[in-house]
Amino acid sequence: MTLNFDPRAKATTLYHGEFRPMFIAGKWVAAQSGEVMQALNPATGEVLATVPRGGAADIDAAVAAARAAFEGPWSKFSPYERQCVLFRIADLFEKHWEELSVSDTLDMGLPITRTLANRRRVIGMLRFYGGMATALHGEAIDNSIPGEIVTFTRREPVGVVGAIIPWNAPTAASIWKIAPSLATGCTIVLKPSEDASLTPLLIAKLMQEAGVPDGVVNIVTGTGAEAGARLAEHPDVNKIVFTGSTLTGQAIARAGVTNLKRVSLELGGKSPIIVCRDADIDKAVPVAAMAVFVHSGQICIAGSRLFVAREIHDEFVRRVAEFAGKLRIGHGIEAETEIGPLINARQAGKVEGYIKAGSDEGARLVAGGSRLTGELYDGGNFIAPTVFGAVSDKMTIAREEIFGPVISAMPFDTLDEAVARANATPYGLAAGIFTTNLGTAHKLARRVKAGSVWVNMYHAIDPAVPFGGMKMSGYGREGGVEHLHEYLETKAVWIQTD
């Protein structure tokens, strides 16, 4: 991608270690405790800013604001008026996209070329949900009750939404929660990850500028154990939507039982990629490699289990390793960077532990496997893209979600075997298939247990297409009309007319 601006220069105008308050009831406020957290640049370790360490009291205030807005001014907005708000937000995102992209890159490390490339998806979501705001409706139903009785359904907003998002895609994750809330007439309290809180606060400014009424969108920064847990259990929250780890998702689902709130969960994955013997290797190698390496492996849909037909296995793995070795690793703010840092030292250490486990359990290290050091990487959390061969299904690296740049390559002999091994996981979020045979593509897509299956491609996500997981990868869908239904209640109305 050719950049028409200097991201490093724009970065110098964004953050200088200052305090950035959170957003509740249309006001910029500190935590009631007065405590703060540091927002660190994962590429350098420098402090970008400090943000409030919000807790239960701040969540309570935000939920109260959301409830007041839901039952007050926001309830009087017509579908057309909600649509206009979303379109104004989209226009502001267009205007400030470079700033949002640089903020994401600084806060969580994704290369600037990739944060900029999210433009179509994010602004597309705003316009898609804006368009859908005026298309939500119930239906008239012929009933079989004696007499003249009219029955129809109404689609009504569920109420106050609590949203908890991860650090690996602050802009996209925020909008994937906020936009359907606004389109359906709900209000929202968003709790971003403590590792990437800055961009959601920028988004709150744009929401305010777009004319979103006070209390409709609230952003509370804080830890998961303090702010997140309170939001999940809050008795006046009608719906919780969460993206993150399966372990945390289970805790959130249990917390939702307190008032039987609606819960939608997009959780972890250990996604398989199946490369058939007739695959176009030239096209498949870079796609299969970047299915993991695109975000240093820090993405729920990472295709980290690479099943390759035995006839082409050795060549394919060799070429994936060569591809990995040529990727440019560095600070995300540099336009030439292809792979950025991991989010923090804790995650880098966790990934190093998995790499060690792979070697200790007998896997063959083909590429990478080391933490990068030297002047370019000082203070950051950089791990070289890693490829393991000779991996068995029972190895730790083949079973557990690593959330790092690690591929486990394994040969297979038959398609039946490949499907059985691909499905032999508690997860079911995504899968990739590479074949030039259309019949094979259809058969495998049907048999693989995953919420999204990509054929001869990977990572494609569109606002109109549902996305979500099976099994321990969660339930509920984001994207498409199904997503909006997650934020709506169906009410049946009976009217006797005789």
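## Helix α12 and what covers it

Take helix α12, residues 310-326: with 17 residues at 1.5 Å each it should span 24 Å, and its end C-alpha atoms sit 25 Å apart, so the two agree. The expected span here is 1.5 Å times one less than the number of residues. Helices (H or I, at least four residues) and strands (E, at least two) are DSSP runs, numbered from the N terminus. This is a predicted model, where local features need pLDDT of at least 70 and side-chain atom pairs count only at pLDDT 80 or more, while totals for chains, interfaces and linings use all residues. Residues are numbered from 1 along each chain as its sequence is written, and side-chain values use heavy atoms, with hydrogens and water left out.

Which residues of α12 are buried? They are Ile312, His313, Phe316, Val317, Val320, Ala321 and Ala324. Buried means under 20% relative accessible area, with exposed over 50% and partly exposed in between (1.4 Å probe, protein chains only). The cover over these residues includes α11 (281-293) along with strands β12 (272-275), β13 (305-309), β14 (364-367), β15 (386-389) and β16 (406-412).

## The nonpolar cores

The largest nonpolar core has 157 residues, and Phe93, Phe293, Leu306 and Phe316 touch the most other members. Such a core is a set of buried Ala, Val, Leu, Ile, Met, Phe, Trp, Tyr and Cys residues joined through side-chain atoms within 4.5 Å. Helix α11 gives the most to this core, 9 residues. Apart from it there is another core of 6 residues, including Met108, Leu110, Ala196 and Ile343.

Back to Phe316: leaving out residues up to four places away in sequence, Phe316 touches Val275, Ile281, Ala284, Val285, Ala288, Leu306 and Val308. Contact means heavy atoms within 4.5 Å.

Thr171 lies in helix α7. With a relative accessible area of 2%, Thr171 is buried. Beyond its neighbours within four places in sequence, Thr171 is in contact with Phe93, Trp97, Leu100, Asp104, Val122, Thr199 and Ile203.

## Pockets and cavities

The second largest pocket has a volume of about 340 Å³. Its lining has 17 residues, with Arg82, Arg154, Arg155, Glu156 and Pro157 closest to its centre. By class, the lining has 8 nonpolar, 5 polar and 4 charged residues. Ala, Val, Leu, Ile, Met, Phe, Trp, Tyr, Cys and Pro count as nonpolar, Asp, Glu, Lys and Arg as charged, and the others, Gly among them, as polar.

How many cavities of 30 Å³ or more turn up in the whole structure? The search finds 5. The largest cavity has a volume of about 80 Å³ and is lined by 14 residues, with Ala302, Ser304, Glu401, Ile402 and Phe403 nearest its centre. On a 1 Å grid over the protein atoms alone, a cavity is a set of points where a 1.4 Å probe fits but cannot get out; a pocket is an open set with protein on both sides within 12 Å along at least five of seven lines, and lining residues have an atom within 4 Å of a point. Grid points are joined across faces, edges and corners, and a volume is the space filled by probe spheres set on the points.
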